[in-house]
Amino acid sequence: MEFQRVLLSLYHRGIILAINRKNNYDDALKVIKDHPYMLLREEYFASMKINWNDKVSNMKEIANELNIGTDSMVFFDDDPVNREYMRLTMPQILTVDLPQDPSQYAQTIKKMNEFSVINITNEDVQRGRMYLEQRKRNDLEKSTPNLESFLTNLDLKLLIKNANEFTIPRISQLTLKTNQFNLTTKRYQESDIKKFSVDDKYLVGCVQVEDKFGDNGITGVFIVHKGNTTEWSIDTFLLSCRVMGREVEKGMLGYIINKAKQNGVELIKAKFIPSQKNKPIEDFLPNCGFQKDGDYWVYKLTTQFTIPDYLMVRAE
C-alpha cells in the first residue's frame, strides 16, 4: 500500500501510470476494481496492457498508444528476468533495480532523482485525467470510419492565449520538453519567454485545446519574430504529443497568418531544424503551402490558407 501511495503521489504530480502485466485481463481488472487494499483504481492508468504477450511488446504498444518516446519511460517489475529482458531489448527505457523485499519498493522510488521536478504546472497536475480522456478519444477514433469524421465528432475548440504570468511557465516547459512535433527544438527558460513577451518585435502565444471529452490544457506554443514591416519569421512552433494528429497545428498557423495579414506583412519565413526526434513535423511546412528558398521555407501572404472546418479557433 505504501508503494501505491508513492505511485499515486507521482500521478498527482503529472507522471503517467500504465500497467504492463501478464495475466488474464478480467482477473486482473477484478483485483484493481474490488480489492479492499487497492489504492490505484482503473481511472489512474492511462494505458493497461494486461495479456499474455511479452512485456517488451506491451511496452512498445503503451508508448505508441500514449504517443510518448520510450526514453521517457520507466519500467518497474519484481521479476529480474523481465527486467533483464527489458534492459537488453529496450535500453533507452529506465529499468529500475528493485530489492527482493517488496516493503522497500516505496523507498526505492523515493530515492530516484528522475521524478524530481522544481515547478509543477496546472497541466502537470491534470495530466493523468487528460490521458484517461485520451483513452475515450481512442475508442471514438476506432469506431469512426475516417479521420475527418473523427475530428468533426470531437468538437475541437482552440483558444489562443497570450504569454502572461499565468501561461509563461507552461510555455517555457513545453519548449524545454517537446521533441516530436517541434519545428526548431529551441529551448527557452521562463526568463527568456518573459523577455520575448514584452518585446514588440515578438508575437508569443500558446493554445489551449478542448473537445467533447475534456480540456487538454495548454498544448501548443508559437514564437514569431517580427523582423520588419513586411516579413515575419517563425522562431518556435510546437505541439505536445498529447494533441498530435488532430490538426491543431493548422489552427495555430492560421492564427499567425491572419495576424500577419492584419499587420500588412507580405511573407512568413520558417526553418525546419531536424533532430533525432522531430521527424513528425518534417513535412508540416510544405504541406501548408510553404516553398523552399535556400535555408528557409517561405509562405507568401497572397496564398490562401484555410483552417479546417472542424476546428473552432478563437483568441483571447
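# Exercises on a predicted model

Strand β5 (residues 156-162) and β7 run antiparallel and are joined by six bridges. The model is predicted.

**Exercise 1. Strands around β7**

Find which residue of β7 stands opposite lysine 157. Then work out how β7 pairs with β8.

*Solution.* 
- Lysine 157 faces glutamate 210 in β7.
- Turn to β8. Its pairing with β7 is antiparallel and covers ten bridges.
- Glutamine 208 stands opposite isoleucine 218 in β8.
- Look at the connection. β7 and β8 make a hairpin, with two residues between them.
- Check the cover. Eight of the ten residues of β7 are buried, and the strand is mostly covered.

**Exercise 2. Aromatic pairs**

Count the aromatic pairs. Then classify the pair of tyrosine 11 and tyrosine 44.

*Solution.* 
- The count comes to ten aromatic pairs, taking ring centres within 6.5 Å.
- For tyrosine 11 and tyrosine 44, the centres are 4.9 Å apart and the planes stand at 85°, so this pair is edge-to-face. The cut-off for that class is over 60 degrees.
- Tyrosine 11 is in helix α1 (residues 2-12), and tyrosine 44 is in the loop between α2 (25-34) and β2 (47-51), so the pair ties together parts 33 residues apart in sequence.
- Check burial. Tyrosine 11 has 9% relative accessibility, so it counts as buried.

Now do likewise for phenylalanine 181 and phenylalanine 284.

*Solution.* 
- Their ring centres are 5.8 Å apart and their planes lie at 65°, so this pair is also edge-to-face.
- Phenylalanine 181 belongs to strand β6 (residues 181-182) and phenylalanine 284 to helix α11 (residues 284-287), so the pair ties together parts 103 residues apart in sequence.
- Phenylalanine 181 is buried at 6% relative accessibility. Phenylalanine 284 is buried too, at 7%.

Finally, name the cluster that contains Phe3.

*Solution.* Ring pairs link Phe3 with Phe76 and Tyr105.

**Exercise 3. Charges over a ring**

Which lysines lie over the face of tyrosine 296?

*Solution.* 
- Lysine 269 lies over this face, at 4.0 Å from the ring centre.
- Lysine 271 lies over the face of tyrosine 296 as well, at 5.1 Å from the ring centre.

**Exercise 4. Helix α6**

Compare the span of α6 with its expected value. Then locate its kink.

*Solution.* 
- Helix α6 covers residues 122-142, which is 21 residues.
- From first C-alpha to last, α6 reaches 30 Å, close to the 30 Å expected at 1.5 Å a residue.
- The kink is about 45° and is centred on glycine 128.
- Glycine 128 is one of the buried residues of α6, which also include Arg127, Met130, Tyr131 and Leu140.
- Buried residues of α6 pack against several elements, among them α1, α3 (55-66), β7 (202-211) and β8 (214-225).

**Exercise 5. Positive phi**

Asparagine 67 and glutamate 247 have a positive phi. Where does each lie, and is each buried or partly exposed?

*Solution.* 
- Recall the background. Most residues other than glycine have a negative phi.
- Asparagine 67 has phi near 60°. This residue is in the loop between α3 and β3 (74-75).
- Its relative accessibility is 24%, so asparagine 67 counts as partly exposed.
- Glutamate 247 has phi of about 65°. The loop between β9 (231-239) and α10 (248-262) holds this residue.
- Its relative accessible area is 17%, so glutamate 247 is buried. The cut-off is under 20%.

Terms used. Residues are numbered from 1 along each chain as its sequence is written. This is a predicted model: local features need pLDDT of at least 70, side-chain atom pairs count only at pLDDT 80 or more; totals for chains, interfaces and linings use all residues. Side-chain values use heavy atoms; hydrogens and water are left out. Rings of Phe, Tyr and Trp (its six-membered ring) pair if their centres lie within 6.5 Å; planes under 30 degrees apart count as stacked, over 60 as edge-to-face and the rest as tilted. Helices (H or I, at least four residues) and strands (E, at least two) are DSSP runs, numbered from the N terminus. Buried means under 20% relative accessible area, exposed over 50%, partly exposed in between (1.4 Å probe, protein chains only). A charge sits over a ring if NZ of Lys or CZ of Arg is within 6 Å of the ring centre and within 35 degrees of the ring normal. The expected span of a helix is 1.5 Å times one less than its number of residues. The bend at a residue is the angle between axes fitted to the seven residues ending there and the seven starting there. Contact means heavy atoms within 4.5 Å. Two strands pair if DSSP finds at least two bridges between them.
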